[in-house]
Amino acid sequence: TLTERLGGVFDKLTGRGVLSEKDVDAALREIRVALLEADVALDVVKAATKQIRERAVGEDVIRAVSPGQQVIKIVHDALVDLLGGEGEPVGLSLEGEPPIAILMAGLQGSGKTTTSAKLAKRIQETQKKKVLLASLDTRRPAAMEQLQQLAGQIDVAFLPIVPNQRAVDIAKRAMNAGRLQGFDVVILDTAGRTSIDEEMMAEAHDIARVTNPRETLLVADALTGQDAVETARRFHDRLPLTGLVLTRMDGDGRGGAALSMRHVTGLPIKFLGVSEKPDGLDAFDAKRVAGRILGRGDIISLVEKAAQNVDEEKAARMAKKMAKGKFDLDDLREQFSQLKTMGGLGGIMGMLPGMNKKMQAQAAAAGMDDKMLTRQEAIILSMTKQERAKPEILKASRKKRIAAGSGVQVADVNKLIKMHRQMADMMKKAAKGGRGGLAGMMGG
Ligand code: GDP
Ligand code: MG
């Protein structure tokens with residue numbers, strides 16, 4: 001997997017300050033392979049890796065995660081942006097004087113008819129608009145009946161079939177019916193071909209001319225490989241496309257076509273088809289698709305873990321506090337709980353610069369493990385707010401109360417206070433001296 005490959009590339013990098021060009025290039029070789037395996041088109045892979053490279057080079061190594069994880073996070077974030085960003089999915093634009101036409105375009109078998117029905121159902125149910133479905137597919141036998149049947153299933157109006165009419169004339173009839181019968185939206189399902197030809201493009205172009213569609217959606221199969229780019233380009237050249245729909249996202253494909261088509265057209269991906277059923281249409285989600293392109297399961301959870309750990313803003317705030325020598329027991333407790341999410345002190349020790357095997361062994365011998373972290377947290381939780389903010393007021397009687405409250409000995413409380421003092425000192429020094437030590441580890 002990409003994770004394993006990157007692990008190898010980055011093993012030697014641990015503990016260095018920034019991601020160098022050489023390191024990033026080594027990682028990008030692996031990422032290029034992963035993207036190609038996900039069926040992202042070659043020129044898109046090139047463009048994407050170029051962007052990722054620009055982002056990654058010079059990036060501070062965040063020591064809370066391994067460099068491999070960090071690069072995966074950078075790649076993941078870059079993919080999310082390339083796919084259109086994390087914000088609200090771009091919906092359909094249906095405002096204006098009705099009837100609003102939605103034109104469905106795409107190759108044969110891409111899922112136009114199914115998606116037409118799904119969209120009709122969605123718009124009718126969620127936006128409470130009156131929708132008319134019309135089949136303009138004069139080519140495939142029974143294509144019109146297919147949409148008629150679907151319309152019946154989802155309880156959406158269907159433009160009656162008139163034999164031997166040209167697609168353009170059906171389109172005109174559909175818009176007229178829409179006007180006369182008070183429909184808000186008319187969805188026009190067109191014929192496709194197995195490959196793009198001039199006749200098909202001319203027909204689609206004519207249909208667009210007579211219906212003036214508000215939305216022209218290119219429907220494409222997510223399993224499309226390298227030809228996704230060519231398909232998107234040819235359609236985009238001839239039709240005023242407004243968005244993309246990727247079908248069969250429920251299949252085995254990694255969905256690289258999404259990235260390719262988005263890259264070539266610059267158009268938003270609006271929906272994902274996720275089953276054959278009329279409700280199998282999801283709003284587009286860039287994060288989900290990026291995770292899919294990078295590979296299933298392992299990488300996504302890894303990225304999530306990394307994202308969770310790398311709360312940079314928090315870390316930066318903390319580092320600033322430390323630099324000023326303001327590091328109270330509440331801050332220490334927060335560090336403890338962060339350490340636990342990062343795999344305990346043992347994991348962190350291995351990442352700290354200048355932490356050698358002997359020191360790690362000493363830490364282990366001193367019982368600096370998760371159990372210890374939990375105990376330390378308990379001690380701090382037994383303190384009052386004031387005590388946590390000003391540890392110097394902790395005299396014998398208070399210590400006794402705290403020890404009793406957290407089920408430890410007074411000596412343990414003393415140890416914690418001493419440790420806190422040492423850490424605060426060390427952090428002050430580290431923060432002054434640049435990116436070393438714990439403060440550096442936390443992104444300062
Ligand atoms: P068209 O030729 O572009 O109109 O394609 P159709 O809508 O007729 O779809 C072709 C086949 O793909 C049909 O068997 C659909 O049920 C199936 N299909 C369409 N969208 C999806 C999807 O999102 N997931 C799955 N699994 N099948 C789909
Ligand atoms: Mg069809």
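Good morning. Helix H5 is largely enclosed by the rest of the structure, because 11 of its 15 residues are buried; a residue counts as buried if 20 or more other C-beta atoms, placed from the backbone, lie within 10 Å of its own. Helices (H or I, at least four residues) and strands (E, at least two) are DSSP runs, numbered from the N terminus.

This is a predicted model, in which local features need pLDDT of at least 70, side-chain atom pairs count only at pLDDT 80 or more, and totals for chains, interfaces and linings use all residues. Residues are numbered from 1 along each chain as its sequence is written, while chains are lettered from A and ligands numbered from 1 in the order in which they are written.

Let me stay with the helix. Among the buried residues of H5 are Lys112, Ser116, Leu119 and Ile123. H5 covers residues 112–126, and at 1.5 Å a residue it should span 21 Å, the expected span being 1.5 Å times one less than the number of residues. Its end C-alpha atoms are 21 Å apart, which agrees. After H5 comes lysine 128, with a positive phi near 55°.

I turn now to strand E1, residues 100–105, where six of six residues are buried. Ile100, Ile102 and Met104 lie on one side, Ala101, Leu103 and Ala105 on the other, and both faces are covered.

Which strands pair with E1? Strand E4 (residues 185–189) does so in the parallel sense over five bridges, and strand E5 (residues 215–221) in the parallel sense over four bridges; pairing requires that DSSP finds at least two bridges between two strands. Methionine 104 stands opposite aspartate 189 in E4 and opposite leucine 217 in E5.

How values were computed: Buried ≥ 20, exposed ≤ 12 C-beta atoms within 10 Å, placed from the backbone.
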